Amino acid sequence: MNKNLHSILFTILISLSFQTNAQPFNSEDRFENFNRSIFAFNMGFHDYIGEPVTHAYKKGVPKPAQTAVSNFFINLRMPLNMTNNFLQGNFEKGLGDFMRFSVNTVFGLGGLLDIATPAGLPYEKTDFGHTLYKWGVWEESSFVMVPFLGAYTVRDLFGKGVEYSQDPTFSYIIQTTTQGHIAFSIADGFDSYVQVTDLVDLLKTMPDPYVFYRESYFQQRGRMLNNGVTMIQPLDDFDFD
């Protein structure tokens, strides 16, 4: 990939965000050596296991069925999404999540069909890491790579653990066993992974795939934490030449 294309990708990345005083991340990659080793492990897993499995899934499962699976797991997330919006003081969004979950569960065959989005109730993801940030907990949090799961910050990883143990969907609605909860979580993770596998080929063309992945995560995550506005992260260690 030539320098001009690198510059275009960088420009696109920057154009997705604009300056604000909020800074949700620690500007230093404190765990870089560890993170790079986990990133390499995840990339190896993708090459030898993840990509062949997802390729077989995409080839063997009809697209409408894949969409239904994605809709189903998004619907399962809505009670937790609603809870976090209420905890953040976003009562309008919380009520929207409740309406979305109700409509898709009742009229969308348990969430297999997304009736709510065309009806003006789109899915806007939030989580407990976002809630902690809104509460002023870990205003700056360090980047960390997790085996199989990918990019997080320490704050968001802690939030993920809290969500797993307190998810109202599995505690009060499905009321499944621990084994069932694990199975649902793995299936949900696989579905999310399928959505991004095509981006890995682009990632591999970067001069430093790890840095590009980290900075892209900062941009995407920062926009969510700051309601569409994020601090532009420095790319001092990214070589575009």
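## Where two helices meet

At what angle do the axes of helix α2 and helix α8 cross? In this predicted model, the axes of α2 (residues 32-60) and α8 (residues 178-204) cross at roughly 115° and come within 10 Å. Axes here are lines fitted to C-alpha atoms over the stretch in contact, with angles from 0 to 180 degrees between N-to-C directions.

Contact means heavy atoms within 4.5 Å. On the α2 side, the contact includes Phe39, Met43 and His46, and on the α8 side Phe190, Tyr193 and Val194 are among the residues involved. By class, the residues of this contact are nine nonpolar, four polar and six charged.

## The whole protein

Stepping back, the protein has nine helices and two strands, arranged along the sequence as α-α-α-α-α-β-β-α-α-α-α. Helices (H or I, at least four residues) and strands (E, at least two) are DSSP runs, numbered from the N terminus.

Residues are numbered from 1 along each chain as its sequence is written. Local features need pLDDT of at least 70, side-chain atom pairs count only at pLDDT 80 or more, and totals for chains, interfaces and linings use all residues, while side-chain values use heavy atoms, without hydrogens and water.

Terms used. Ala, Val, Leu, Ile, Met, Phe, Trp, Tyr, Cys and Pro count as nonpolar, Asp, Glu, Lys and Arg as charged, and the others, Gly among them, as polar.
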